[in-house]
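Dear colleague,

I am writing to hand over a structure for your study. Please look through the sequence and the coordinates first; my notes on what was found follow below.

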Amino acid sequence: MLFPVRPPDDEGLEGSALSARTALRTAYRMDETACVRERAARGRLSAAERGATQQLARDLVTAVRARRSHGIEAFLREYGLDTREGIVLLCVAETLLRIPDAATADRLIRDKIGGAEWDRHLGQSRSLFVNASTWGLMLTGRVVRFEPDDGAMRRLVGHAGEPVVRAALLQAMKILGHQFVLGRTIVEAMTNAVPNEKRGVRFSYDMLGEGARTADDASRYWQRYADAIAAIGARATGAAVADRPGISVKMSALHPRYEFAKRRRLHNELMPRLVDLAQLAARHNIGLCIDAEEADRLEPSLDMIERLARDPALSGWDGLGLAVQAYQKRGLPLIDWLADLARNSRRRLMVRLVKGAYWDTEVKRAQESGVEGYPVFTRKVSTDVSYLACTRAMFAAGNRLYPQFATHNAYTVAALLAMGGSGTAFEFQRLHGMGEALYEELRARSKAPVRVYAPVGAHEDLLPYLVRRLLENGANTSFVNRIHDET
Ligand SMILES: Cc1cc2nc3c(=O)[nH]c(=O)nc-3n(C[C@H](O)[C@H](O)[C@H](O)COP(=O)(O)OP(=O)(O)OC[C@H]3O[C@@H](n4cnc5c(N)ncnc54)[C@H](O)[C@@H]3O)c2cc1C
């Protein structure tokens, strides 16, 4: 969708902010080759930067490989999405905890687990955890297949049967999910964060539970965010907002119709809720970052961030932030727009630069709606180039933006450090449960602070998040999937 007329919310926008917003809209489904050429021109590394990047990236990868592989990472590597069994696990993870009745759960398990060839994975990994899990899945598969000529299996099924298999798999999915969650409640998560905080690691808490379906859901999530902000604020230490913990907010959790076509409703119903949360965060002087979601939600999120940035009640608070997805063709113009907004509203904005977690969804949606182009790049390298161009633009914005680089890719980390941003304060960010070894190694080589994005919630709420992490870890284009592949 292009924007031939100026949408109503542009009233009051002037000069460079308006032209930056127009540039952003023009880039929505821009031709990929033309777009990458432009991004490459702004993101290209000099020979010296490239040399430094390669050296540091190689050192980091070698050091990470030399460490003993973390069980869960080895598990996700063995069951990547290029194996049938990896896809089976993804399906089970997505559905099993949601199925309310035992009979349907058993049928799902029989359908998915029973047909896969688990024994192919046996002994393939050096990790004991992976091989033990494979044995478990293999046995489960044989139990649910009820092989008639296998007397021992029949006896086992007779004794234990499907309830046991179901309970074991449910438990396994919860264990998998909890690798990525810091605590079930905000208090538990903050307590679990203490040892790392003592080592200087910062935290941003994310209350799991995206996608409100009803007004009641949205009110409940709002209350959860408000309680969490109060709890985080009460225990926060450090003077500057960047040194203190923060919170990440998903707007889709705050309104059941967080959609492009619902501008007026969002203005009247969602905006006041967001203002309340921002004022609460400002009162506690902690950061509040608006997470980036699907591409067609970007425009409404910009309307909101702009209103918050210009709200006099929030002046003097430097904790307002937004996540920007480099895989979107609008990523770079968005950085320019944010830099203009920060200047015009006389504040510093926190900007978390990510590559983007909804790639499969974006591609599928664009194909379903039969439009000509994609809002996201279709080649991984294009996204990487865009990330570097955005980095350059963030450093160029000086202290109008506080850059927060969220990546688990050693080459990206090394390139950012080589690009320097000398004189500009910035931080790295990683997800809880991922990238730990990389950032431990980086600690020995750089003083750049690191913040952990820490999901908080019970298992009912973690499924969409878990599925995104499985997609990320399992994709063979993904750095975390490839780092241990010596070829
Ligand atoms: C602290 C933190 C906060 C985050 N918050 C958000 C958020 O608010 N919103 C959000 O969307 N994501 C968020 N993410 C997730 C983030 O988008 C992924 O973790 C990230 O994309 C992985 O990038 P990488 O540099 O670690 O890995 P890499 O392996 O270098 O990059 C993988 C990424 O490349 C891109 N990619 C893969 N294949 C293709 C292709 N064929 N064409 C084009 N691009 C491709 C995708 O974005 C994919 O995720 C967050 C991540 C972190 C660490």
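What share of the contacts in the protein chain with a separation of 6 or more comes from residues 24 or more positions apart? In this predicted model, such residues account for 76% of those contacts.

Q179 itself sits in the loop between α9 (162-178) and α10 (186-198).

As for the chain as a whole, it contains 20 helices and 8 strands. Of its 487 residues, 45% are buried.

The core

The largest nonpolar core holds 135 residues, and within it L338 and V351 touch the most other members. The element that gives the most to this core is helix α14 (residues 331-344), with 8 residues. At least three residues of the core come from each of domain 1 (8-39 + 182-461) and domain 2 (70-178).

Leaving aside residues up to four places away in sequence, V351 touches G321, L322, V324, I335, L338, M394, L401, Y402, P403 and Q404.

Helix α14

Helix α14 deserves a separate paragraph. From its first C-alpha to its last, this 14-residue helix reaches 20 Å, close to the 20 Å expected at 1.5 Å a residue. The helix is mostly covered, with 12 of its 14 residues buried. Among the buried residues are L334, I335, W337 and L338, and also the charged residues D336 and D340. Just after the helix, R346 takes a positive phi of about 55°.

The ligand

Which residues come nearest to the ligand? Of the 32 residues around it, these are K355, A357, A406, T407 and F479. Two or more residues of this shell are given by each of the elements β4 (320-325), β5 (349-354), α16 (380-396) and β7 (427-431). Sorted by class, the shell has 13 nonpolar, 12 polar and 7 charged residues.

With kind regards

Methods. Residues are numbered from 1 along each chain as its sequence is written. This is a predicted model: local features need pLDDT of at least 70, side-chain atom pairs count only at pLDDT 80 or more; totals for chains, interfaces and linings use all residues. A nonpolar core is a set of buried Ala, Val, Leu, Ile, Met, Phe, Trp, Tyr and Cys residues joined through C-beta atoms within 7 Å. A residue is buried if 20 or more other C-beta atoms lie within 10 Å of its own, exposed if 12 or fewer, and partly exposed in between; C-beta atoms are placed from the backbone. Helices (H or I, at least four residues) and strands (E, at least two) are DSSP runs, numbered from the N terminus. Domain bounds come from an automatic or database domain assignment. Two residues are in contact if their C-beta atoms, placed from the backbone, lie within 7 Å. A residue is near a molecule or strand if its C-beta atom, placed from the backbone, lies within 6 Å of it. The expected span of a helix is 1.5 Å times one less than its number of residues.
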